[in-house]
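Let's walk through this model together, one question at a time. Have a look at the sequence and the fold before we start.

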Amino acid sequence: MSTGVSKPGAEPLPPTRPPQPFVVDANHTAVSLQWPMNDFARTFLAERYHVEMALGISLEFQLVGVYKIEQGGASVGGLDPDTTYRFR
């Protein structure tokens, strides 16, 4: 697995995918997500997370927000009750 870190003088490697957000709270119409605060942001100088959402098993994700890494998480509201959502 590539870490995105390269030796001096070498071509930089592209960063790896950030860790998946996880649900910390949810109700019928909203969900609060949090992303692991590890060395990812410091290693790759990441500044923001782009949070995307898909309905049910759809493969089509849509951008729901861009959040600063320092925020540590995001809340997404306006969801329909009894509906499955996936976030990345």
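Q: Which residues do ring pairs link into a cluster?
A: This is a predicted model, where local features need pLDDT of at least 70, side-chain atom pairs count only at pLDDT 80 or more, and totals for chains, interfaces and linings use all residues. Residues are numbered from 1 along each chain as its sequence is written, and side-chain values use heavy atoms, leaving out hydrogens and water. Rings of Phe, Tyr and Trp (its six-membered ring) pair if their centres lie within 6.5 Å; planes under 30 degrees apart count as stacked, over 60 as edge-to-face and the rest as tilted. The cluster built from such pairs consists of Trp35, Tyr49 and Tyr67.

Q: What is the angle between the planes of Trp35 and Tyr49?
A: The structure holds two aromatic pairs. In the one formed by Trp35 and Tyr49, the centres are 4.2 Å apart and the pair is stacked, with the planes at 20°.

Q: Why is the pair of Trp35 and Tyr67 called tilted?
A: The ring centres of Trp35 and Tyr67 lie 6.3 Å apart. The pair is tilted because its planes meet at 45°.

Q: How many residues apart in sequence are the parts that Trp35 and Tyr67 tie together?
A: Helices (H or I, at least four residues) and strands (E, at least two) are DSSP runs, numbered from the N terminus. Trp35 lies in the loop between β2 and α1, whereas Tyr67 belongs to strand β4 (residues 62–68), so the separation is 32 residues.

Q: Is Trp35 buried or exposed?
A: Buried means under 20% relative accessible area, exposed over 50%, partly exposed in between (1.4 Å probe, protein chains only). Trp35 has a relative accessible area of 2%, so Trp35 is buried.
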